[in-house]
Amino acid sequence: MSSEPDAYTGQTLCGSGWRSPLRAFLRTETGGAAVLVASALAALVWVNAAPSAYTSFWDTRLSVRFGAYGISLGLREWVNSGLMTLFFFVVGLEARREFDVGELRERKRFALPLVAGLSGMIVPIALYLAVNAGHGSEQGWGAAMSTDTAFALGVLAVVGRGTPPGLRVFILLLTVVDDFFSLGVIAFAYSDRIAVPPLVVAIGTLALVLLARRLDVRRGSVYALLGVVAWVALLESGVDPVVIGLALGLLTYAYPAARADLEHASGLFRLFREQPTPELERSVRAGIASAISPNDRLQRIYHPWTSYLIVPLFALANAGIEISGDQLARAFTSPVTLGILVAYVLGKPVGIVGACALATVASRGRLRLPVGWGAAAAGGAVCGVGFTVSLLIATLAFHGARLDEAKIGILATLVCSFLTARLVTAAIALLPPPLRLRSLLGKAESIVDLAVPVDPDRDHIRGPHHAPVTVVEYGDYECPYCGQVEPVVRELLADAGDVRYVWRHLPLTDVHIHAQLAAEASEAAACQGRFWDMHDLLLSRQEALRIENLYTYAADIGLDMERFERDMRAHVGAARIAENVDSADLSGVAGTPTFFINGRRHHGAYNLTSLTAAVRAARERASVTT
């Protein structure tokens, strides 16, 4: 299969040694936070420099007509109800990915984020209503409940450098719950009077989407057309049409690339190499596309657009508010502004951490945080930032002066959340090292991705057999990226004396014609106790792996040549190689190199910095849980 140019960046390698979509999602959200801040500041500058120009521009009507039928909305409405549909579509895609192949593939792990997410909405709503009781502004409760994913992860990137990676995943799951229920709130609490016939059309269109998926229709244009029809129907029904984005995202499958699909795609490419015709070119494109899940393809297309264009454009359209000393003085005595601030800064962390504590006690420890309580407190503080969905609901709930007060409260949560999270992480840093580690990492069991545990009697092991950290690599002796990463592995083992390294064979015979033979040569050498000598030679001389080369290498390391030749003819290592390949299939491994660290698949880059950080994290977790 094709591969990216650099094995150390964590990009796709031989087969499907892929960069983690979740990590890519987190990086995109974090980077998008900077663009989002710039857009919000630009909106504030614009509206204060030329308020009439700002208002008139975003109130400009834009009409789309098809014969006698047409839709006419202001530019702000096109952004809020149109483009933001794609934002919620990406949220739905990521939620579906988590259920299919991510943290939530163990369904019991969804219970705690669900409880914490709901509590992290209910407590802020209750606080907002308490502050606004009797002031006639109670209808704005929906603006006080939803965390902004981009800003939350951006704040965490700045203040939470020492926090475990699991905290980012946990925050993402909380925000997915937030967005899902927020859309329900928008649909049922903040929609206009519902028109039943268009709503029926929208539901019927969704049924057609389900039917097309059941019939395995793969043309994106079909789903795009049905999505547009459903969007228009919801718009006409009075339900905010952004709901359709989340629904379509949740219906989009995610699955890892299978070796059979990759082998089929590489076979098509070989045919195209022999006969480069337009017909075969289309077949190759279709074969490669079918190996990657629709969820992965659509996230790669739309997520950068939503993070770097659509959401910042939403901020530009909605964050504009004229600021003066009098206005700020009024806002910070307004129940709307104070209610939103109290809801986010106090209600979010209390709701999230409190619900986690109650759920852990009620379940007698069966439900556990994926991180420690200190990290959870930092995560709760980080979640006290509202922007995108909060602004969207505020524009539906308020108008005029109260909308401005709500916007000031929402913008103030950015600063307050940052300061609160910084205080929490600073307090954690003051703890003694053992207590600090426990407060950050906790005792929750990690998901084990490695289907077949390491067996000292069967596996080839380098390093102490009872080391607290085990690194397993599935590799191919002809894979150039395995050769490039080998010096990194050797340096890692030299620097860390408490790591054991395991090599398992995954010869990609559809692209590397000598890989199987080389693997059998290493096993024949293992029969004479010289596996690692042959292993090192094979990875250093990947360009010469023919049978005559293998005999030369066997002689170079001093093997009994008669026995080696006999073992090679008898394919004595074929059974063990087949076992490794089977274990790779069970673990969802389709390409090389693929690493597992203490049973958990490593999705980061394959450079020394990334692998060392992963090993250090595994060592720390092992020290806490033992």
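This is a predicted model: local features need pLDDT of at least 70, side-chain atom pairs count only at pLDDT 80 or more; totals for chains, interfaces and linings use all residues.

**Overall build**
- Count up the secondary structure and you get 25 helices and 7 strands.
- Along the principal axes, the C-alpha atoms fill a box of roughly 95 × 65 × 45 Å.
- Take the contacts between residues at least 6 apart in sequence: 80% of them join residues at least 24 apart.

**Inside and outside**
- Buried residues make up 52% of the 626.
- The accessible surface is about 27300 Å², and carbon and sulfur atoms account for 63% of that.
- On the charge side, there are 54 positive and 56 negative side chains, with the centres of the two sets 5 Å apart.

**Nonpolar cores**
- The largest nonpolar core holds 79 residues, and Phe 88, Ile 171, Ile 340 and Phe 387 have the most contacts inside it.
- Helix α17 (residues 400–429) gives this core its largest share, 8 residues.
- What does Ile 171 touch, leaving aside its neighbours within four places in sequence? Its contacts are Ala 152, Leu 153 and Leu 156, plus Gly 379, Val 382 and Cys 383.
- There's also a second, separate core of 55 residues, with Ala 584, Val 589, Leu 611 and Ala 618 among them.

- Some background first: most residues other than glycine have a negative phi, and most peptide bonds are trans.
- The peptide bond from Thr 592 to Pro 593 is cis, with omega near -10 degrees. You'll find Pro 593 in the loop between α24 (574–586) and β6 (594–597).
- Arg 364 isn't a glycine, yet its phi is positive, near 55 degrees. Look for Arg 364 in the loop between α14 (335–362) and α15 (373–382).
- Is Arg 364 buried or exposed? Exposed means over 50% relative accessible area, so Arg 364, at 78%, counts as exposed.
- His 571 has a positive phi too, of about 55 degrees, and is not a glycine either. This residue belongs to the loop between α23 (561–570) and α24.
- With a relative accessible area of 42%, His 571 is partly exposed.

Notes
Residues are numbered from 1 along each chain as its sequence is written. Side-chain values use heavy atoms; hydrogens and water are left out. Helices (H or I, at least four residues) and strands (E, at least two) are DSSP runs, numbered from the N terminus. Buried means under 20% relative accessible area, exposed over 50%, partly exposed in between (1.4 Å probe, protein chains only). Contact means heavy atoms within 4.5 Å. Accessible areas come from the Shrake-Rupley method with a 1.4 Å probe; for residues, only the protein chains shown count as cover. Lys and Arg count as positive and Asp and Glu as negative; His and the chain ends are not counted. The place of a charge is taken as NZ of Lys, CZ of Arg, CG of Asp or CD of Glu. A nonpolar core is a set of buried Ala, Val, Leu, Ile, Met, Phe, Trp, Tyr and Cys residues joined through side-chain atoms within 4.5 Å.
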